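Q: Could we go through this model together? I would like to start with the aromatic residues and then look at the helices.

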Amino acid sequence: MSAQERHILVIGAGILGLSSAWYLLERGARVTILDREPIRDAASCGNAGLISLGHPPLTRPGVSIQGLKWMFDKRSPLYIKPRLDGDLARWLWTFHRHCTRSHYEGTMEVLCELGRLSADCFESILAETAIDCDWQRRGWDDVCLHESSLDHAEEEAGLLARFGFHSERVDGDALRAEAPAYTDAVRGAIRFEDSATLSPQAFTAGLARELEARGATIRTDCTVETILLRGDRVEGVRLEDGEELTAEATVLAAGVWSDQLARAIGLRIPMQPARGYHRDLVGLESMPPRGCVLNETFIAVSPFHDTLRLAGTLELSGFDAPWLDDRLAHLTTAGSRYLRGVDTATVTQEWAGYRPCTADGMPVVGAVPRRPGLYVGTGHAMMGMTLGPASGRLIAEAIYEQAPALDSPLLAAARY
Ligand SMILES: Cc1cc2nc3c(=O)[nH]c(=O)nc-3n(C[C@H](O)[C@H](O)[C@H](O)COP(=O)(O)OP(=O)(O)OC[C@H]3O[C@@H](n4cnc5c(N)ncnc54)[C@H](O)[C@@H]3O)c2cc1C
């Protein structure tokens, strides 16, 4: 069978699945994408839309210790639901072991390179399509209330300079001169100049439409029950209704649920579902001119046309725990210390979704060694919107046995 005729199944129509499909179609594959939901509810639609090049992983020096202190603070960005859970305990221990300076610097080198590749991917996809997603390559601001936070943020941003990314310190008055949205309490910001923002829902849905127009089949309301094996080789999938689909290759891009499907065929991709929330607001008199993170709270803020999205909180509560309303409300109460009018604006939407978080802080991208025919793209935690297009390209390159644009053991599925 010629390379042109390969049929590839993609499980998951989030940013990882759709981006993989884009680069597979580009190589002449016949692509079928399967998702149990409409393209509306996944993390890839509800995230904050910061395309944050050089974003650090969760595994930073000192974070695991800080996390323990945060567990007892109701307003902290992290919440771990206390429970007896072997998977969670193993994940936390592995996470703690990776919060070292040497792991951090190694991961940053890879993440920065992946980020740079992803920015190119976004720009070429947007140039080739008519996707209207409010893409703004004007950077984002790490906005601080305290001088000490500004100093710390500036020091962290210094690491990115080593990898060719630019940042600049901006004082509070300069921010307010540009946009009256910022309160007088804001002391300044570190501006990450190379980064971008977009409306994630508009990009994801737009990419899906473009894929269909180029010949991909997208089946929503279509749950994959299991991955099918013949010996060790992955042959396709069986759907919940019993239908079996076969393909030359299968891409597992089912977000945090990828581990459940992998377990059924004897693999593990240990991840924790880290829930976050967003609240969309309209009716603000003044909006920040670009995306920002409210430094002391880790809340991400993005303006999309007339809507301001506040997103944040990292909750390790397992799946399907009830929403924590005070954490949702905290988005606007904490946000109002930085931005005028967010506590009185009209709330148009509230949402919660899961980040797929590996214990070493790194995505899992590429071929699965013990299961020929299977490729994986997951584990992008807080960076999936940023890195998804580049990871999708790496997956397509792996399937077509082409030299990868980036090759790192820190991304490899072989590490599990
Ligand atoms: C509050 C919040 C804010 C965020 N902000 C940012 C940000 O500003 N910038 C950034 O880069 N990242 C951000 N992220 C992270 C980013 O959203 C994720 O890393 C990314 O969306 C993960 O994409 P994915 O394709 O791996 O998974 P998902 O988007 O979760 O997609 C997986 C898909 O697989 C489907 N699926 C699962 N199981 C099955 C099955 N058995 N059969 C069929 N389909 C299945 C699901 O329905 C889903 O549609 C944020 C996340 C959250 C929660």
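Q: Where do W91 and F95 lie?
A: In this predicted model, W91 and F95 both belong to helix α4, which covers residues 86-98. They are four residues apart, about one turn of the helix.

Q: Are these two buried or exposed?
A: W91 is buried, with a relative accessible area of 6%. F95 also counts as buried, at 8% relative accessibility. Both values are under 20%, so the two residues fall in the buried class.

Q: How many aromatic pairs does the structure hold?
A: The structure holds eight aromatic pairs. One of them is W91 with F95, and this pair is stacked, with 5.1 Å centre to centre and 10° between the planes.

Q: What about F319 and Y354, and why is that pair edge-to-face?
A: The ring centres of F319 and Y354 are 5.3 Å apart, and their planes stand at 70°. An angle over 60 degrees counts as edge-to-face, so the pair is placed in that class.

Q: Where in the chain are they?
A: F319 lies in the loop between β17 (307-316) and α10 (325-335), and Y354 lies in strand β18, residues 346-358. The pair therefore ties together parts that are 35 residues apart in sequence.

Q: Which of the two is buried and which is partly exposed?
A: Y354 is buried, with a relative accessible area of 13%. F319 counts as partly exposed, at 31% relative accessibility.

Q: What else lies in that loop between β17 and α10?
A: S317 is another residue of this loop. It is buried, with a relative accessible area of 7%. Leaving aside neighbours within four places in sequence, S317 is in contact with Y79, K81 and R83.

Q: Back to rings: which residues form an aromatic cluster?
A: F122, W135 and F203 form one aromatic cluster.

Q: And which rings have an arginine over the face?
A: R6 lies over the face of Y400, at 4.2 Å from the ring centre.

Q: Let us turn to helices. How is the packing of two helices described?
A: Two packed helices are described by the angle between their axes and the distance between the axes.

Q: What are those values for α1 and α8?
A: Helix α1 (residues 15-26) and helix α8 (residues 200-213) pack at an angle of about 30°, and their axes are 10 Å apart. The crossing of α1 past α8 is left-handed.

Q: Which residues make the contact?
A: On α1, the contact is made by I15, L18, S19, A21, W22 and L25. On α8, the residues are F203, T204, L207, A208, E210 and L211. F203 is also part of the aromatic cluster with F122 and W135.

Q: What is the contact like by class?
A: The contact of α1 with α8 has nine nonpolar, two polar and one charged residues.

Conventions: Residues numbered from 1 in each chain as written. Predicted model: local features only at pLDDT ≥ 70, side-chain atom pairs only at ≥ 80, totals over all residues. Heavy atoms only, no water. Phe/Tyr/Trp six-rings, centres within 6.5 Å; stacked < 30°, edge-to-face > 60°. Helix = DSSP H or I, 4+ residues; strand = E, 2+ residues; numbered from the N terminus. Buried < 20%, exposed > 50% of the residue type's maximum accessible area, 1.4 Å probe, protein only. Lys NZ or Arg CZ within 6 Å of the ring centre and 35° of its normal. Axes fitted to C-alpha atoms, helices over the stretch in contact; angles between N-to-C directions. Left-handed = near helix turned anticlockwise from the far one by under 90°. Contact = heavy atoms within 4.5 Å. Nonpolar A, V, L, I, M, F, W, Y, C, P; charged D, E, K, R; others polar.
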